[in-house]
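Subject: Structure handover

Hi,

Here is the structure I promised to pass on. My notes follow it.

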Amino acid sequence: MKAKFSVSGILTAKDGYGIERIETPMLLVTKFAGMNLSRDYTDLEAATGDALNRALHKNSFTGDLGEHVVVKTPEGCLQERILLVGLGRAQQFSCAGVRELIKTAVNAAVRRKISRISVPVVPNRTTRGNLTLSSTAYIMRCVASDVLEKKKGNGELEIEFVASPQAKRHLLAGLQRQRRKTACDPCE
């Protein structure tokens with residue numbers, strides 16, 4: 001299998017295009033351990049009829065690194081499914097967390113025969129002090145390509161980054177960066 005990447009610069013910080021308006025077969029939502037779900041997802045929670053919040057409580061979702069649950073959304077939602085993935089503790093977030101996040105997302109999408117997964121990159125994200133957007137995109141591209149290369153079949157999984165217009169160029173720069181080695185280096 002192969003990975004295909006795209007970047008949409010349609011999210012805005014205030015009163016504009018929000019995560020709840022992303023039409024996709026699978027939307028990636030993340031949560032840090034020991035923290036509530038980000039306020040960036042408030043409108044998404046409402047759009048799902050609170051299905052996201054119920055899944056958090058039903059599964060006792062803590063946000064530990066690699067913990068995940070797939071939420072089937074109700075009729076009328078623009079997202080068919082939401083993949084909720086734990087990032088671990090915010091203070092410890094690093095490239096290892098990004099690698100685990102994208103491995104989890106790719107495997108969940110392939111298992112469910114999903115052709116596209118959308119990754120919202122919100123303005124003023126909590127991880128901005130840990131990793132640059134270009135490094136995050138680079139790591140995700142390398143790891144997703146490696147994971148999919150080992151999968152059987154000729155299919156393609158599109159990984160769509162949905163970000164602000166300002167963030168779009170940084171994500172594109174990371175996706176265009178040349179690999180130095182065959183395997184993705186931890187924390188290059």
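First, the ground rules. This is a predicted model, in which local features need pLDDT of at least 70, side-chain atom pairs count only at pLDDT 80 or more, and totals for chains, interfaces and linings use all residues. Residues are numbered from 1 along each chain as its sequence is written, and side-chain values use heavy atoms, with hydrogens and water left out.

Overall make-up

The chain has five helices and six strands. These are DSSP runs numbered from the N terminus: helices are H or I of at least four residues, strands are E of at least two. From the N terminus the order is β-β-α-α-β-β-α-β-α-β-α. Of the 188 residues, 50% are buried (under 20% relative accessible area, 1.4 Å probe, protein chains only).

The helix pair

Back to α3 (residues 95–111) and α4 (residues 133–149). Their axes come within 9 Å and cross at roughly 45°. Axes are lines fitted to C-alpha atoms, for helices over the stretch in contact; angles run from 0 to 180 degrees between N-to-C directions. Contact here means heavy atoms within 4.5 Å. On the α3 side, the residues include Val98, Leu101, Ile102 and Val106. On α4 they include Ile139, Met140 and Val143. The contact residues divide into twelve nonpolar, two polar and two charged. Nonpolar covers Ala, Val, Leu, Ile, Met, Phe, Trp, Tyr, Cys and Pro; charged covers Asp, Glu, Lys and Arg; the others, Gly among them, are polar.

The sheet

Six strands form an open, mixed sheet in the order β1-β6-β5-β2-β4-β3. Strands pair if DSSP finds at least two bridges between them. β1 (2–8) and β3 (68–72) are the edges; each has a single partner strand, so one side of each lacks a neighbour in the sheet. The twist averages 25° from one strand to the next.

β6 is mostly covered, with six of its seven residues buried. Seven bridges join β6 to β1, in parallel. Five bridges join β6 (residues 156–162) to β5 (residues 116–120), also in the parallel sense. Glu158 in β6 is the bridge partner of Lys4 and of Arg116. Pro120 stands opposite Val162. Helix α5 (residues 165–176) packs on the sheet, touching β1 and β6, and its direction makes about 160° with that of β1.

Best wishes
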